[in-house]
Amino acid sequence: MGGVIRGLLPFAVAVPVLAALQVLTADAPFLVILSLTVGVNIVLAVSLNIVNGMTGQFSIGHAGFMAVGAYVGGVLSKVTSEYGISFLPEVVSDQVLFALSLVVGGAVAALFGFVVGLPSLRLKGDYLAIVTLGFGEIIRVVVQNTELFGKALGLSGVPARTTLFSCWLVVVVVVVVAKRIHDSSHGRALLAIREDEIAAEAMGVNTTAYKVRSFVVASFFAGVAGGVFAHYQSIVAPSSFTYVKSMEVVVMIVAGGLGSTTGAIVAAVFLTLLPEGLRSVLLAVTGDGALAQKVEQIRMPLYGLLLVVLMLLRPQGLFGTRELWDMGPFRKKRAPSPPSPLSSSASPGAAPEVVR
Amino acid sequence: MSLLKVHRATMQFGGLKALSDFSLDVAQGDLQGLIGPNGAGKTTAFNVMTGVYRPTSGAVVVDGERMNGRLPHQVNRAGLARTFQNIRLFKELTALDNVKVACLADDRPPSSPFSRARIDGLRRQGRFAPAHALDAWGNYLDWWRALFLTSGYRADEAHIEERALRLLDVMGLAHRAGEQARNLPYGEQRRLEIARALATSPKVLLLDEPAAGMNTKEKAELMVQIRRLRDEFALGVLLIEHDMKLVMGICEQITVLDHGETIAVGTPDQVKKDPKVIEAYLGVESKELQA
Ligand SMILES: Nc1ncnc2c1ncn2[C@@H]1O[C@H](COP(=O)(O)OP(=O)(O)O)[C@@H](O)[C@H]1O
Ligand SMILES: [Mg+2]
């Protein structure tokens with residue numbers, strides 16, 4: 001019982017803090033929108049890091065799972081917004097339905113994660129990268145051609161329910177989950193798989209089950225992130241979920257240091273704010289709105305450039321595999337460690353590996 | 001009582017028969033050797049026993065359970081643990097975490113419906129499928145307990161830590177607990193691999209050239225240690241070793257492989273007089289053998 005109370009402690013702290021922030025930012029809609037964009041990206045980066053960083057697999061289709069959550073959650077909210085829960089005040093009813101649509105969107109994304117992950121994670125090699133990339137594109141093409149999802153124009157009329165409070169509560173949940181997975185025997189098993197899959201299997205770790213489980217968890221949170229996203233954009237368009245979005249998340253976790261949750265957070269914040277900052281600076285310096293608009297177009301090349309510079313200067317990413325809580329006074333005895341971020345083991349279809 | 005039984009296992013890679021008609025029987029308390037020149041198929045035999053390779057034909061039985069088609073982790077859960085000729089530690093993890101990984105799920109309290117004792121009990125009754133299911137479900141529940149930091153989960157973690165530290169201590173590595181595995185000297189990495197294998201609570205321990213790369217003194221110490229482990233943990237031990245003298249000195253029974261064929265089985269004295277063995281080890285090693 002005491003354990004469960006301790007388990008809920010982070011939320012006991014987060015809820016009043018976030019509520020206060022929500023009240024304080026009531027007059028700053030621009031700041032709120034910015035914080036929502038940052039929050040969604042943190043959720044995406046931290047969850048993908050469970051797969052790519054901790055488990056050492058290589059998924060590059062996170063936007064696909066985000067899309068599933070966005071569309072499923074969005075449609076669900078649109079449908080239920082006409083009804084509401086009669087015995088509750090409208091605001092409460094809205095938030096309950098919102099939470100429900102997030103969870104359902106996440107669950108459907110998790111289901112897709114299972115279906116995609118199980119066959120590709122059983123095999124060694126780069127299958128996951130290929131399959132996730134394909135999955136992301138398939139999802140996008142499917143929604144583009146489905147009446148229910150508004151085709152290429154997108155799903156409009158999703159009720160605006162995301163608040164700073166709810167978005168950042170999701171951030172807290174994903175960070176707590178990631179940290180607890182990392183620190184538990186399951187996290188150790190994931191790290192072991194990253195280090196040496198054959199040895200992990202030989203030590204009694206059901207590597208397939210663990211890989212699938214971490215992938216399903218990541219897919220779930222990508223779906224929830226999609227739901228959060230859908231409920232502050234008035235319109236959910238397929239163009240938000242291209243492989244460019246997936247690569248953006250990959251860039252975030254590689255830059256932050258694969259395997260480091262705090263690294264993923266810092267990189268997500270920085271890379272989200274960077275274009276915004278650039279836009280403001282350009283606008284202030286040149287006074288030219290058109291030029292500032294161009295920032296969106298140079299965002300990806302800019303990320304690419306940043307990543308190249310970072311890989312030259314610090315190939316293990318900003319944080320390596322370390323966490324904020326491992327540093328300074330909390331520091332455990334552990335040197336920084338660079339798992340090479342972009343390489344992965346055997347090529348698909350190879351003969352049985354010679355094990356010695 | 002036989003804990004590991006290999007029955008006429010054959011392993012074929014394309015045209016190459018790396019292992020043919022290989023049979024072996026290891027009981028509790030045994031200390032057996034598997035020797036042979038380079039490329040004889042010794043490591044392949046280990047891979048077949050531990051489920052890394054699926055034998056072309058033949059059977060592997062661990063503590064009464066047929067392992068054919070089982071995955072390596074299932075073979076390990078059934079009671080077979082190994083080390084690797086080319087050390088395969090989790091390099092970036094600490095020595096302690098290396099051992100903790102292998103402690104997985106073995107430290108649930110005896111009262112737990114998913115305890116190792118209960119699972120082993122089912123195995124003894126020959127009910128292998130429920131044993132596997134119980135193991136898998138216990139593991140799945142652990143995941144949720146970890147997410148909610150239940151007190152049971154924290155007790156398990158404490159127990160795992162305690163046991164991992166004890167195993168490091170047994171292998172003389174307690175002072176290295178917080179160090180990254182890749183930073184340990186070679187000999188200690190080999191010992192850490194043994195500690196890690198022991199953490200899975202094996203019935204039979206397979207050691208693939210555990211003394212490779214060690215100096216003579218280290219080797220002698222290791223052999224004494226292996227004998228002690230066998231007694232302390234009530235294991236059967238099967239070891240591959242290149243240093244003839246060591247194997248002859250420590251093992252009670254030896255199987256000799258050459259080109260995948262079993263050319264001799266017997267006590268050290270019988271094996272070293274066998275003409276086929278002498279022929280296989282022509283040259284320096286055959287003199288060594290008779291010394
Ligand atoms: N996965 C594999 N694919 C092809 N050949 C293999 C494989 N594993 C082992 N072999 C071959 O089997 C033979 C025996 O190898 P091995 O068992 O490693 O010998 P050793 O007795 O030195 O441990 C060698 O010729 C090796 O090349
Ligand atoms: Mg070998």
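**A tour from ligand 1 to a helix pair**

Select ligand 1 first: α1(B) gives the most to the shell around it, with three residues. This is a predicted model, where local features need pLDDT of at least 70 and side-chain atom pairs count only at pLDDT 80 or more, while totals for chains, interfaces and linings use all residues. Residues are numbered from 1 along each chain as its sequence is written, and chains are lettered from A and ligands numbered from 1 in the order in which they are written.

Helices (H or I, at least four residues) and strands (E, at least two) are DSSP runs, numbered from the N terminus. Ligand 1 lies between chains A and B. Now show the 14 residues around ligand 1 (C-beta atom, placed from the backbone, within 6 Å of it); F13(B), A18(B), K42(B), T43(B) and T44(B) come nearest.

Next, colour the two chains. Here, 40 residues of chain B are in contact with 38 residues of chain A (C-beta atoms, placed from the backbone, within 7 Å). On the side of chain B that touches chain A, the largest share, five residues, comes from α5(B).

Last stop: select residues 29-54 and 164-183 of chain A, helices α2 and α6. Their axes (lines fitted to C-alpha atoms over the stretch in contact, with angles from 0 to 180 degrees between N-to-C directions) come within 9 Å and cross at roughly 20°. That makes α2(A) roughly parallel to α6(A) (angles under 35 degrees). Look between the helices for the contact, where you will find V32(A) and L36(A) of α2(A) and W168(A) and V171(A) of α6(A), among others.

Conventions: Two residues are in contact if their C-beta atoms, placed from the backbone, lie within 7 Å. Angles under 35 degrees count as roughly parallel, over 145 as roughly antiparallel, 65 to 115 as roughly perpendicular and the rest as oblique.
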